[in-house]
Amino acid sequence: MATETGAAARPTRQAWTLVLASLGVFMTALDTLVVTTALPVLRVSLHGGLTDLEWTVNAYNLCFACSLLTGAALGDRFGRRRMYGVGLAVFTAASAAAALSPTVGALVAARAVQGAGAALVMPLTLTLISEAFPAGKRGMAIGLWGGIAGLAVAAGPVVGGAVVQGISWHWIFWLNVPIGLALIPLALTRLRESFGPRPHLDVPGLLLAGAGFFGITWGLVRANTVGWGSAEVVGSLIAGAALVGAFLWWERRAPAPMLPLTMFRRRGFSAANGVSFFLYAGLFGALFLMAQFFQTAQGLTPMQAGLRLLAWTAAPMVVAPLAGRLADRYGNRPFIVGGLLLQACGLAWVAAIAQPGLGFAELGIALAVAGIGTSLVFPTVANEVVASVDGEDVGMAAGTNSAMRELGGVFGVAVLASVFARPGAYATPGVFVDGFTSALWVGVGLSAVGVLVGLAGPRRTTPAQDVTARRGSPRARVPVRPYSASR
């Protein structure tokens, strides 16, 4: 009787898990892009320059990336449900601080704290879903999760444009507050608590990784202002690279590493993380400039810019769930490689035709091609990551993949902005388009590298936990479902 009751309750628990995890990823993904259409307004309102705009985006993404693995470890140590609620609380409070920011510096600081809160939320959403769904249904669930993330990607520029034009830029952050306040009690009461196998925190690893990636990002961003040959830029890049090297050295020797390097021996896991880095480098770098292209080069309002970006960003809502379902049948690699190829072709098309007076008909088709490509990769690369590791490593694997995505975004924004930067970049539409076109071709190149990395992955990955089960490991004899939260 107890077994029947548990079986009956399982679909309800799965539904609540999928809904609450998807809403969490919606909030965090929304804020990676919600500022894109507000950037020209922020530049004028807060008297900022190109570097300030970069940090408005990159402060969030950098703190997000550097804290993600710690977020996964905190979930393993203190409970995934509990830390998911804490992450939502931090993110909500930081959103209110961002809305109240009087200066660019205050806004960048608030965005950094937002990123730290998002780093608790994002990896745990995928872990919670993986815990709730068996392997046979996980691709569909992750596809729906990817579709919700795609909805956030689509809604971000539109919401940002509508709010900035209709009210003020402050309200793009106030929107998070009521959603967060509603989600916190629901998460704490409707999700089942679970813990991971790694209860210790890797503080030295966190500090080395954060300092290293900050140094590299600082050098890339400052190069626009002080020049690539300056001592500040060269020193930052060298110091950042050295600290990242020290981080990798430490992770090989740490008793409880935040990033177990042994996972990268698995071909599917390594390829999936490389794909995520280059996908987001091309995507975020291009989005950073595209929203400004519509307003600066074509004279559109923030709302009009956001609506036009839907041709690019709306595709994941429809394509991602379908791709996730089909990947269960055909494998992940065809969708990963094909998707990145489409993103590269779409961005190349935009770069080839961009000009101040360009009509939207052809531009919209080119953006749609890029958006469909991105949508094919979102759920399938996440599914590849989950399938490549044992059940006990899913939280760490999800955090690693999320970190690679965000670092790719930081890298893409910094590099494309460096290529775009030139004297008087915002002075006339013609000068803007010259820099925009050059930068977009770099985004094409980053996407093309992602195609090559995707081809290096396995044709089809058998879920690692299923392999463990066939070998008769004691870990596999825990219930029928390898991701049961009751273990």
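**Notebook: a serine in a loop and a helix pair**

I looked up Ser-230 and found it in the loop between helix H9 (203-226) and helix H10 (231-253), where helices are DSSP runs of H or I with at least four residues, strands are runs of E with at least two, and both are numbered from the N terminus. The model is a predicted one, in which local features need pLDDT of at least 70 and side-chain atom pairs count only at pLDDT 80 or more, while totals for chains, interfaces and linings use all residues. Residues are numbered from 1 along each chain as its sequence is written, and side-chain values use heavy atoms, with hydrogens and water left out.

I noted a relative accessible area of 17% for Ser-230, which means that Ser-230 is buried (under 20%; exposed is over 50%, partly exposed in between, with a 1.4 Å probe and protein chains only). Its side chain reaches the backbone nitrogen of Val-233 at 3.3 Å.

I then turned to helix H11 (residues 267-297) and helix H14 (residues 333-353), which pack at an angle of about 20° with their axes 11 Å apart; the axes are lines fitted to C-alpha atoms over the stretch in contact, and angles run from 0 to 180 degrees between N-to-C directions. H11 and H14 are therefore roughly parallel to each other (angles under 35 degrees). On the H11 side the contact (heavy atoms within 4.5 Å) includes Val-275, Leu-279 and Gly-282, and on the H14 side Ile-336, Leu-340 and Gln-343 are among the residues involved.

Definitions and conventions: Angles under 35 degrees count as roughly parallel, over 145 as roughly antiparallel, 65 to 115 as roughly perpendicular and the rest as oblique. A polar contact is a pair of N or O atoms within 3.5 Å; within protein, one must be able to donate a hydrogen and the other to accept it, and residues adjacent in sequence count only if both atoms are side-chain atoms.
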